[in-house]
Amino acid sequence: MFFYIFLVCVFCIVFISKITLWYRQTRFSSRRVRKRVVFKHGDCNVVQGNVAKRRRRYLQDIFTTLVDAQWRWTLLVFALSFLISWAFFGFIWWIIAYAHGDLEYIYMRDFQPDQIQNTTHTMCVTEVRSLISAFLYSIETQHTIGYGNRFVTEECPEAIFTMCLQCITGVFIQAFMVGIVFAKLSRPKKRAQTLLFSRNAVICHRDGVPCLMFRVGDMRKSHIIEAHVRAQIIRKKITKEGEILPFFQQELHIGADGGEDRLMFIWPTTIVHKIDRNSPLYMLSASDMLKERFEVVVMLEGVIESTGMTTQARSSYLPSEILWGHRFVNLVSFRKETSEYEVDYTLFNNTYDVDTPLCSAKELDGVKLEYAKNAKSSLERALSAGLLQHISNPSADHLDPASDESLDSAHNRLRSNSISHEGLADELQPLNRQISNSNAQHRTSFTLGGTIPILVSNASTLPTNNLQSINEHTNSGSSSNSNSNNSTTINIESLSNNNNNNNNSSQKKPGNTRRLSIKQDQLPIDSIC
């Protein structure tokens, strides 16, 4: 009987091992093609090999080993633990009955009753006549079933001790295995299956800054408390000493909608990483993104509201899974019928195209810096021509041209210090008369702060060769038409060379006026690349 049970157990173990090996080979053969550290569903593509005394270390922490094991192995250990304990104690009960002579007495009682008529015999365990009956009695004792036909008498102290030992062992095995099953069912790892990451990450501009964005969501109504998100980029790096780090991990500074990494996780949220000077993606353009080999690993951690346990969900993005020039579709809407906010998860992975420069963030900052320098030099030329007493500001010389905040602050100061059209017209009325008399020069004008257009006789002095967004148009006719405009026109060359212009203006023929309108608040820097 025990031999057949042993053969069945061995066959089950070998069969499950073969199926597991085949499944792992087919699964990992498809995984290796992708060459990623963390899979989309969160599992790590890492296998520990050549670990010294690996089996002994795993057996020393048998509880964690069984919790981390797959369900088929846990159920196999669960069933074998009870079967082995039943068979072991059943064999002990059979030995006790055989040593006490109970088996022989029962045989004589059933088949040769004449020989034991005058014999008095008290059995240790009643009705234990074979190995099968001893196995059944072992099951009844360990699980306190007690059908009533088999029981222990006071004849054998060793039988009483064995009964107590089996009861203690049975309770220990049952508590251990129930604890393992409960721990596997209540693992926070399963809660991570309902935390979603977008299939792709996107790169687009937000508030004038290139950003890497991906989306996270929670399918359940029970929220994740203290949810925060992290991201790391794994790529190859060569140190200054020449050391090669094949899997260098670098933290990415991310946050919800560009803020902190703490989330109010009530609906799907877009996580933003600003690609600035401190970003490892600062020097990557759209073409470089396809050539680089790296992996962005993202992690979402928080406390489960219903159980109070901490959970973590993981995913990753390869360069081929990052869409350049895309933006996520909004999936939260308000339903007037039910007065509720509805989240449409069919749009969770949907994106749409947006205009995004194909150059890197470093190249884009270089273009911005060049434009800022050119704009500042043009502003200084205009101010030095005669308007310095009206719109100059001592703090303007301390601005950093490479900073977007400096451009905005300078722009606001120009607007606050600008002169009204009426006051400037009264002061410059004689100058406008000279402008109306000089109808022969080609002049170029641009606007300071969107309020005062300034005429420049030599267009080559303006740094307009790099400004692709400048609206140029030619106005035909005499220069007298410019006096009818609402804005006041100032001839800078007339301010510097009044006598020469007065002498030469009468000799030149009327020409076309070329107007270059530059408004800093409407300059599309993002479209320069």
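This is a predicted model: local features need pLDDT of at least 70, side-chain atom pairs count only at pLDDT 80 or more; totals for chains, interfaces and linings use all residues.

Analyst: **Strands and their partners**

Residues are numbered from 1 along each chain as its sequence is written, and side-chain values use heavy atoms, with hydrogens and water left out.

Two strands count as paired if DSSP finds at least two bridges between them. By that rule, strand S12 (residues 332-335) pairs with strand S13 (residues 340-343) through 4 bridges, in the antiparallel sense. Their hairpin has 4 residues between the strands, and there Ser 339 takes a positive phi near 55 degrees.

Now for a sheet of 4 strands. The sheet is open, its order is S5-S4-S8-S9, and the pairing is antiparallel. Strand S5 (244-251) and strand S9 (310-317) each have a single partner strand and stand at the edges, so one side of each has no neighbour in the sheet. From one strand to the next, the twist averages 20 degrees; for such angles, axes are lines fitted to C-alpha atoms (for helices, over the stretch in contact), and the angle between N-to-C directions runs from 0 to 180 degrees.

Inside this sheet, S4 and strand S8 (residues 294-304) are antiparallel and share 10 bridges. Here His 228 stands opposite Glu 301 of S8. On to the next pair: S8 and S9 run antiparallel and are joined by 8 bridges, with Met 299 opposite Arg 314 in S9. The hairpin of S8 and S9 has 5 residues between the strands, and Gly 308 takes a positive phi near 75 degrees there.

Gln 232 sits in strand S4 (residues 224-238). Is Gln 232 buried or exposed? Its relative accessibility is 15%, so Gln 232 counts as buried; the cut-offs are under 20% relative accessible area for buried, over 50% for exposed and partly exposed in between, with a 1.4 Å probe and protein chains only. The side chains of Gln 232 and Glu 251 are joined by a polar contact of 2.9 Å. That term means a pair of N or O atoms within 3.5 Å; within protein, one must be able to donate a hydrogen and the other to accept it, and residues adjacent in sequence count only if both atoms are side-chain atoms. Setting aside neighbours within four places in sequence, Gln 232 is in contact (heavy atoms within 4.5 Å) with residues including Gln 249, Leu 252, Glu 295 and Val 297.

The structure holds 1 disulfide, a term for a pair of cysteine sulfur atoms within 2.5 Å. The pair is Cys 124 and Cys 156, with sulfur atoms 1.4 Å apart. The torsion about their S-S bond is about -40 degrees, so this disulfide is left-handed. Cys 124 lies in the loop between helix H5 (102-111) and helix H6 (131-142), and Cys 156 in the loop between H6 and helix H7 (157-185), so the pair ties together parts that are 32 residues apart in sequence. Cys 124 is buried at a relative accessible area of 0%, and Cys 156 counts as buried at 1%.

How far can you trust what you see? The predictor's confidence in each residue is given as pLDDT, from 0 to 100. The mean pLDDT of the protein is 74, and 66% of its residues reach 70 or more. Over residues 409-425 the pLDDT falls below 50, and this stretch has 30 contacts in the model beyond near neighbours in sequence. Residues 438-528 also have pLDDT below 50, with 172 contacts beyond near neighbours in sequence.

Methods
Helices (H or I, at least four residues) and strands (E, at least two) are DSSP runs, numbered from the N terminus.
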